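Subject: Structure for you to look at

Hello,

Here is the structure I promised to pass on. Please open it next to this email and follow along.

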There are 2 protein chains.
Amino acid sequence: MYSHELAFLPFLSLLIILSSGASVRPSYFETLGSHEYQSKAIPSSYSVSDFKTLYFTQSLDHFNYRPESYTTFKQKYLISAKYWGGANSSAPIFVYLGPEKPLEVDPTTENGFVIDNAPQFKALIVIIEHRYYGESIPFGSRDEAFQNASTLGYFNSAQALADYAEILIHIKKRLGAQLSPVIVIGASYGGMLASWFRLKYPHVALGALASSAPVLLSPDIVIPPEKEYFAIVSKDFRDTSESCYQTIKRSWSEIDKIASQRNGLSSLSKKFHTCRPLSSVEQIKSHLKNLYREAAQYDNPPTYPVSVICDAIDQTHSSPNETTLKKIFAGMIAYRGNNSCYNVDTTMLVSDPISIQDQISEGWFWQTCSEIEFPMGINNNGTMFPPSPFNLTSDIMLCNMFYNVSLRPHWVSTYYGGQAIRLTLRRFASNVIFSNGLRDPFSGGGVLHSISKNVVAVTTEKGAHALDMASENNATDPVWLVKMRKTEVKIIRGWLSKYYADLDDV
Amino acid sequence: MYSHELAFLPFLSLLIILSSGASVRPSYFETLGSHEYQSKAIPSSYSVSDFKTLYFTQSLDHFNYRPESYTTFKQKYLISAKYWGGANSSAPIFVYLGPEKPLEVDPTTENGFVIDNAPQFKALIVIIEHRYYGESIPFGSRDEAFQNASTLGYFNSAQALADYAEILIHIKKRLGAQLSPVIVIGASYGGMLASWFRLKYPHVALGALASSAPVLLSPDIVIPPEKEYFAIVSKDFRDTSESCYQTIKRSWSEIDKIASQRNGLSSLSKKFHTCRPLSSVEQIKSHLKNLYREAAQYDNPPTYPVSVICDAIDQTHSSPNETTLKKIFAGMIAYRGNNSCYNVDTTMLVSDPISIQDQISEGWFWQTCSEIEFPMGINNNGTMFPPSPFNLTSDIMLCNMFYNVSLRPHWVSTYYGGQAIRLTLRRFASNVIFSNGLRDPFSGGGVLHSISKNVVAVTTEKGAHALDMASENNATDPVWLVKMRKTEVKIIRGWLSKYYADLDDV
């Protein structure tokens, strides 16, 4: 379920979510067809009972020695030694780095790559929850932890990486597996963490597989306009259907036009079958924008949600006086399923239960308001969206208003780098795979060209966000996806054999 | 003046210093002959006026987003562009990372390697003060900053590295010198920082020269007994003079024997011409221990302080009933000069003014009580000292008593690594020089064998602590020292030419 990683949560909708309370939260999480690729044709070699759930006593602050920093909390992690070759043979450890969400109750429904490949590598599996998500909450409770910036302050990527290091060192020690090579694996934000972990803790992890990790999305790094998030969304639609792209492109002014008329909002509410009357035109526009965005982000086989939308748009006939909105609505219901009405109060279109969704959105909102700033403006040259330039200042103001501390948009690139990445990592670092599907709008912020022999990019023309991390499915996986995963496995195998040779040698 | 870097400050003496106030602070800082190698025969290409003093508005906490963490303070740095080739030619930047002491008023009296070599490289020089030393004090004043663990909590190596990164990124931006390669240089603790900086911030620094950096001194890393600090001190003495070594070795029981007699302490006070009567036998023993320790640490040409002490010990004739203590005292005065009396209240034998010494000792005491734990026990196999096994628990207790927070002795190896360093860095990282003189007792915790083609060890049989960082002196520098520095310069030149080739290529 990679549906929500790095979900682009526009501040406007977050304002709505966070200020309006649970009563108006969306109720249509179950409908998304875009995640069918998660279904398994190959039975998993693991079942939930093969995993032990453990809790590590974690320090609140690794980089500070104030008395408060010594506070601890219980961090959750899962472990399975079902196929592990053991410490004596220095068999490897595959570690899935939890991203911005709670761990799944059944770890085999996620972590596809790890689950599918651990047996052949005789790898121990470890899955670690990211601090402030799920059960890994400091200060005794979620309410306490999320109270304000004073309690949220400890919630950031550097602390999370240090958590992983502490836990992995602890596990290796406890198992006497100090020489077992660790491979860290993650997707999306978790992929960013994986690559950063290899860079910052090479003594803990031998290598990293970073799937769909937009490590170059930063206000400090200029990426070409055609690689911007919404430019790729638009390209995905245009590649799928030029007429669909054109329909969407012209729909915004249609919507505005209707909205500006007498009873316009009410007319739009009817056209889009909204469960509650629209309170502003922006509500339906940002809902649609996010629907297209998400479809493109997960435009993966076998369903290809962009095709689902575009087929509906293209196949719907509208008379000239019906405008294009009949088509647009047809696209929306094709994607979201046939409901009696549609909740467009928020833009969150993901399939997790509400409570998990709350955690993700509140946690990620803090992270984007403290250090993770993705410059995702729309400059409309070639996109199908109304212009909406990136505005760092207004993001900072809004976050300040919320948390009373300022976003630090430059810290991530100060700490992890990224500027001139090909130059700075060319002769430094090793054993990182950056994998990307080029239909993923986040791929524009990814590393798409190998930096050196051992810091490599694996890309596919088709496929979108983090598809290589999903469970294998013999029935529906296309050839290029099978090949992509094989390439990744082969590279990891190469790291390990070099490592074992070094081990004999040193 | 590398006299105090990583000065080994036994807790007992620190207790004395910190609890007794300024009135009993030692007054004999000016006498040490061991630092004559600092004197210059080659006139420096720089004078103090070639440096601009600047202050950077630094964040109090880089790894935390609590409101308090946004507090800023002024961090001092010096800059000289006298010989800089400029941003247009991407001329390099040499950065001296301030260790555990205030910056010198005249930067040309320190930073020998940087000062001597910057002109031939057309390098910009930057010298940055470490937070909580000198003027780079948060909370408005030293008194406030050192008040308790709540204000001291922000004082640690990871924060210091982040400070350097922020300042260097700022400088490069301001000068439009984003492509100018940065070489970080440091000695002792500063050398640890330099190597760590290259590992953690490869996108900011192209390479690091880490002189006498005991990066492997950690409770988590086992080093062989003969490489322990006091084993090397003892070897230095034994290599210099077997009889001197034997004299010192047997002196401890002589001291104990006298002390145990009626009026023994008073008799010892007379024998050692102490300015104030000894209050315990440990006082004189730890004073002597530190005197030998320091002589060995700085057993550098042209003076070779171990020889100074041993010559005096060996050449002093004592009648059988005078015991060996007449010899020991002769060694002491040979090293410390002829004074009317000797202050043995503390073990601090360095040549800085008292106020600077206070800053160093108080700052370093915090650092050793929070994260830097050097396991420096004496197990007395082959050493000339009374046994004094390393006791982590008592260090932790003592620090707890002082600051009410616990030492975190494992954090440094968790964050920076070191365990199995040859294995973990063999195929990761590049462009680090670890330089050591093997007479340096800290060299046992250094990297003495090259890890890879680009992470290299440069060692000399002779020479002790951080000698390569001292200013060149044509008149007295021995051949091996000249050669050592040439090797370092050649390696750095190699990094730079590879970098410029990559720059043309990428």
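Below is what was found in it, starting with how to read the numbers.

This is a predicted model: local features need pLDDT of at least 70, side-chain atom pairs count only at pLDDT 80 or more, and totals for chains, interfaces and linings use all residues. Residues are numbered from 1 along each chain as its sequence is written, chains are lettered from A and ligands numbered from 1 in the order in which they are written, and side-chain values use heavy atoms, with hydrogens and water left out.

**Domains**

Chain A is divided into domain 1 (11-220 + 416-505) and domain 2 (225-336). These bounds come from an automatic or database domain assignment. The centres of the two domains, taken over C-alpha atoms, are 33 Å apart.

**Where the chains meet**

Start with contact, meaning heavy atoms within 4.5 Å. On that basis, 56 residues of chain A touch 57 residues of chain B. The size of an interface is often given as the accessible area lost when the parts come together. Here chain A and chain B bury about 5,200 Å² between them, 57% of it on carbon and sulfur atoms. (Buried area is the accessible area, with a 1.4 Å probe, that two parts lose on being put together, summed over both.) Tyr65(A), Arg408(A) and Phe428(A) supply 17% of the area that chain A buries against chain B, more than any other three residues.

There are 34 residue pairs in polar contact between the chains, both residues at pLDDT 80 or more. (A polar contact is a pair of N or O atoms within 3.5 Å; within protein, one must be able to donate a hydrogen and the other to accept it, and residues adjacent in sequence count only if both atoms are side-chain atoms.) Several elements give two or more residues to the side of chain A that touches chain B, including helix H5 (157-174) and helix H17 (479-505) of chain A. Helices (H or I, at least four residues) and strands (E, at least two) are DSSP runs, numbered from the N terminus. H5(A) gives the largest share, 6 residues.

**Salt bridges**

A salt bridge is a side-chain nitrogen of Lys or Arg within 4 Å of a carboxyl oxygen of Asp or Glu. Over all chains the count is 30. Between chain A and chain B it is 6.

Which residue of chain B forms a salt bridge with Arg426(A)? The partner is Asp502(B), with the closest N and O atoms 3.2 Å apart. Arg426(A) lies in the loop between helix H16 (421-424) and strand S7 (432-437) of chain A, and Asp502(B) in helix H17 (residues 479-505) of chain B, so the pair joins two chains. Asp502(B) is buried at 4% relative accessibility, while Arg426(A) is partly exposed at 26%. (Buried means under 20% relative accessible area, exposed over 50%, partly exposed in between, with a 1.4 Å probe and protein chains only.) A network of salt bridges links Arg426(A), Arg427(A), Asp502(B) and Asp505(B).

Glu282(A) and Lys285(A) also pair up, at 3.8 Å, N to O. Both sit in helix H10 (residues 281-297) of chain A, 3 residues apart, about one turn of the helix.

Look for Ser370(A) in helix H13 (residues 354-370) of chain A. Ser370(A) is buried, at 1% relative accessibility. Its side chain reaches the backbone oxygen of Trp366(A) at 2.8 Å. Leaving out residues up to four places away in sequence, Ser370(A) touches Phe155(A), Leu407(A), Arg408(A) and Tyr65(B).

Best wishes
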